[in-house]
Amino acid sequence: MTRLDPAVFNLPVERLRGGYYSDAYFNHTKDLLEAEGRHPRVLMQVFQRHESVLGGIDEAIAVVKLGSGRRRDDWTWEPGWGQLEVRALEEGDAIEPWETVMTIEGDYSLFAHLETVYLGCLARRSLVMHNVREVVDAASGKPILFFPARHDHWLVQTGDGWAAHVAGVIGVSTDAQASWWGGRGLGTVPHGLIAAYGGDTVAAARAFAQRFGGEMNITVLVDFANDSARTAVEVAEALGDDLWGVRLDTSGSLVDAGLAARMADAPPGVSVELATDVRRALDAAGHERVRIVVSGGFDAGRIAEFERATAPVDAYGVGSALLRGENDFTADVVRVDGRPGAKVGREERPNPRLQPVD
């Protein structure tokens, strides 16, 4: 895989070099080494403790490439990358607990201040990649749509979207999430637009399709009136071939009214029973080609349940579950001036899978 160009990340280079985003003790370490004229040649080893999927490695490399170095007496920057040897795995690689994913070898004073930042890149993006890969595997080949943008700060969208893309999602919801590979955000006819059309899902869907039908697959939320099967058929009748799919997003605190009328003890929220009810209604009305997308509280476990039940679902939208958990990384100096130098319990772990980074 070709690594992403460092320019893609739009890094705040001057602030990285100045240690603005770094834990203070790393900045103090760099300052002291430079003041004392100490230039130990170290091997820094980066790892994490879980079976996971590696994300953020190109971003981490960019941080080291653009942020390493030192200030000259005239306050200009002396780049350090050319004096370092970096080896790393690639984006999307499966990784084992304690497996070394990157090494940095060279004068420690050139890059000591960057540890906080490159570890943070790896931790965040690997968390997203691991979670996405789990839901992709659970979906048995059905598309996953990446919908967590509203659940976190907007500044994380670009890298999270890239991580999700590498891990196997087929669509993201914002242009920012798609920007690193030149894509566009995807979306459905939302509840807000339906409300703006007086709660008339058909009217909102028809207007949306007329405006955007040539740009995207038109998918319509059909739970606004809490009668998804009826609304899905009405939308399909109105849009005809312009409709790609319908999306079920019933709140977990509600039972779909149409389903309840046809089924005793109908379950709340988006269920296998609701998807089956909507599929049956669409097929009976001659709309077999209309897809069904489900969303609302899905994670790998719930997707697996739907798949085991052979639910008539064509794609899954997954949101906040993809941002949960932790996938922390650690960096240790394991060699100093050619001799073992790790703290107890953190010995050097060579990894033949690592590739040199230019």
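Let's start with a pair of strands: β5 and β7 run antiparallel and are joined by 4 bridges. One example is Ala88, whose bridge partner in β7 is Met102. Two strands count as paired if DSSP finds at least two bridges between them.

A quick word on where this comes from: the model is predicted, with local features needing pLDDT of at least 70 and side-chain atom pairs counting only at pLDDT 80 or more, while totals for chains, interfaces and linings use all residues. Residues are numbered from 1 along each chain as its sequence is written, and side-chain values use heavy atoms, leaving out hydrogens and water.

So, the overall picture. The chain has 12 helices and 16 strands, and its C-alpha atoms fill a box of roughly 80 × 40 × 35 Å along the principal axes. Of the 358 residues, 50% count as buried, where buried means under 20% relative accessible area, exposed means over 50%, and partly exposed is in between, using a 1.4 Å probe and protein chains only. A contact, by the way, is heavy atoms within 4.5 Å. Among contacts with a separation of 6 or more, 72% come from residues 24 or more positions apart.

Back to our strands. In which order do the strands of their open sheet lie? The order is β15-β14-β1-β7-β5-β16, 6 strands with antiparallel pairing. β15 (339-340) and β16 (355-356) are at the edges with a single partner strand each, so one side of each has no neighbour in the sheet.

Two helices to point out here. Helix α3 packs on this sheet and touches β5 and β7, and its direction makes about 5° with that of β7. Helix α4 also packs on the sheet, touching β1 (41-48), β7 and β14 (329-336), at about 135° to the direction of β14. For these angles, axes are lines fitted to C-alpha atoms, for helices over the stretch in contact, and the angles run from 0 to 180 degrees between N-to-C directions.

Why is α3 largely enclosed by the rest of the structure? Because 9 of the 11 residues of this helix (57-67) are buried. Among them are Asp58 and Glu59, along with Ile57, Ile61 and Val64. The cover over the buried residues includes α1 (13-17), β3 (69-71), β4 (77-79) and α4 (115-138). After α3 comes Gly69, with a positive phi near 140°.

Now the other sheet. This open sheet also has 6 strands, ordered β9-β8-β13-β12-β11-β10, and its pairing is parallel. Its edges are β9 (171-172) and β10 (218-221), each with a single partner strand, so one side of each is left without a neighbour in the sheet. β10 runs parallel to β11 (243-248), with 4 bridges between them, and Ile218 has Leu243 as its bridge partner in β11. Helix α9 packs on this sheet, touching β10 and β11, with its direction at about 165° to that of β11.

Last stop: α9 (228-239) also packs with α8 (201-212), at an angle of about 40° and with the axes 9 Å apart. The α8 side includes Val202, Ala205 and Arg206, and the α9 side includes Glu234, Val235 and Leu239. The contact residues divide into 6 nonpolar, 2 polar and 2 charged; here Ala, Val, Leu, Ile, Met, Phe, Trp, Tyr, Cys and Pro are nonpolar, Asp, Glu, Lys and Arg are charged, and the others, Gly among them, are polar.
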